[in-house]
Amino acid sequence: MATKKALTGVKRHSLSLIFLFVGSLLILFTMLTLFNMIFRQLVFDTGGLLEAAADPEVIESIVLTLYCSFLATLIGAILGTPLAYVLARHDFLGKTVVESVIDLPVVIPHSVAGIALYALFMSRSPVGGAFSSIGVVFEDSMWGIVVAMLFVSTPFYVNAAREGFQSINPRLERVARTLGASHWKSFYKITLPLTVRHLFSGAVMAWARGISEFGAVVIIAYYPMIAPVLIFHKYTTHGLAGSQPIAVLLILICIGVFILLRVSSKYWEKKK
Amino acid sequence: MKKVKNSKTGISKILAAAIVAIVAVAAIGGVWYYTTLETEEKVLKIFCAGSLTLPFEDIEAQFEADNPTVDVQLEPGGSVTRVQKITEHGEECDVLASADYSLIPSMMMTEDSDYTDWYIIFAVNRMTLAYTDNSKYADEITADNWYEILRRSDVKWGFSDPNMDPCGYRSPMVIQLAEQEYGDDMIFEDLIEANCDITVSEDAGTYIIDSNLTDLNPDTNRLAIREKSVDLVSMVQEGGLDYAFEYSSVAKQHDLNYLELPVTIDLSSADYADLYKTVKVEKTTTTSTGKPIVYGLTIPNNSPNPELAAEFVEYIINESGQTVFNNNGQPPVIPAVTNDISKIPENLKTYVVQ
């Protein structure tokens, strides 16, 4: 936490400058890696990029990726918001265990997660069998992609939502209730509006995480091919020249969507 | 960081300093450990086909136990890319072992690309059908009826993507070769064409299998196609699939049961090379022709440690090496065969015939 001791102008200056320099190295690392690829693609192989953008197979796979991750995020948000609220507001026996379980998907190697998901959701398993009796099949289907993305993206949403709820003083809810609001109403009218920014940025992170998933998806649903699988397929069969345009296209579309989301959430904030 | 009360400042400062010191020592110590580890020992670099990783790890352990100052480093990968690392990227390696011995004469022994003048054929692999005791009809399946069992509508089976994995393009080859072996010209149609978008056509005695598609569109209720054959191993073990086409090495190394298919269709014997080459698979990139899966090795001219490399090769082709390959489902060629016995290192001559 920031100390209240006032820093002298020079000191503050040197601290900020050094921090700025050190911090920019990290940003530079990320940007150079990505921009180098994007730049080379745009300048030296514009044709390849346009070709990829005009290929229905590529566009279908990118749209499928964005959509499946959106579905996974939606399911994660519907189930994860109540969980995050409970974790933020209540202490109970085994809470640390629950919190660790939420984080587990981050540490499990993705191919292992894929095999575990396959074992649970294959149509021959009890769970997968129950779903397939109502027409939901996971092997080589959109639903397989969604569960894999849900599995890996859950921690990002739940953790962001929990931090959001924790940042709201429970007294506000109590005041609302002393004024006659029900638990439901105080949650809906007070807590939710104040945390919506956290929920939103958690959802964006979860969505992004879903889009980038490869290892878990490829085991349960090799087909239909999501963009990361298609990129790997093209890399194996056609090398860098075949895979890079698709990767750059995916990055450009994602950057576009991210900026749009961030700007609109900023605008939303201001309006309030 | 948490704000601390003044009375505890001293202790927490010491604690913080201790933590910083531990982290710094761990970070620097780790770097020191790993860098000196590499410099103190002599490094023997081995490029090998991915499917040779496990047996080569066994041989590596034996070799390092006998030669404690040598660090054997395996770099497994696709055989073609292994060779290209030497011929195109100019990388140095001490032993090259390819899953297709013919890559050595065709890519390393030409006038333009002269990296060696000999090779040794030391082991083979075979296409098999892998399964577990829980697979449907596991108690009935034999080398005579496997294609009948795969035809049954309640059986699920798989092979890997022909465009992504050599085991993948060899699987439809086996199925096409089976038509002649069993005298049943519906096998390919029933197993492949009915379940996915791969097709076959005949042209003057050669069968051309067309898998030039990114999406092979398998019927999920019957057939699973995956990026690589190892993914199918997990699926068979989990019971989601009953059977998968795998190399005998992969099946054995993962403790699966496997069906030994007739030598006329399992791509394991150089004696049937003429028969195997009657099937071809058109992929999204190139066309692959049926060939026996025969492993070959050589010591490239640019090897930094040729004597040590020759010693390592001896561990591969001597009796204990043969045991290792047998245990890994890659039957050794006994005795190993070379193209030119006058060119191979002296210590290997007793193990090899021309």
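**Exercises on chain B**

The C-alpha centres of domain 1 and domain 2 of chain B lie 29 Å apart. This is a predicted model, in which local features need pLDDT of at least 70 and side-chain atom pairs count only at pLDDT 80 or more, while totals for chains, interfaces and linings use all residues. Residues are numbered from 1 along each chain as its sequence is written, and chains are lettered from A and ligands numbered from 1 in the order in which they are written.

**Exercise 1.** Find the bounds of the two domains of chain B and describe their contact.

*Solution.* Start with the bounds, which come from an automatic or database domain assignment: domain 1 is 43–124 + 293–353, and domain 2 is 127–289. Next, take the contact (C-beta atoms, placed from the backbone, within 7 Å): domain 1 of chain B gives 8 residues and domain 2 of chain B gives 9.

**Exercise 2.** Are the residues of strand β9 of chain B buried or exposed?

*Solution.* First locate β9, residues 223–226; strands are DSSP runs of E, at least two residues, and helices are runs of H or I, at least four, numbered from the N terminus. Then check each face: B:Leu223 and B:Ile225 on one side, and B:Ala224 and B:Arg226 on the other, are all buried. Buried asks for 20 or more other C-beta atoms within 10 Å of the residue's own, exposed for 12 or fewer, and partly exposed lies in between, with C-beta atoms placed from the backbone.

**Exercise 3.** Which residue of β9(B) is the bridge partner of B:Ser160?

*Solution.* Strand β6 (157–160) of chain B runs parallel to β9(B), joined by 4 bridges; pairing takes at least two DSSP bridges. The partner of B:Ser160 is B:Arg226.
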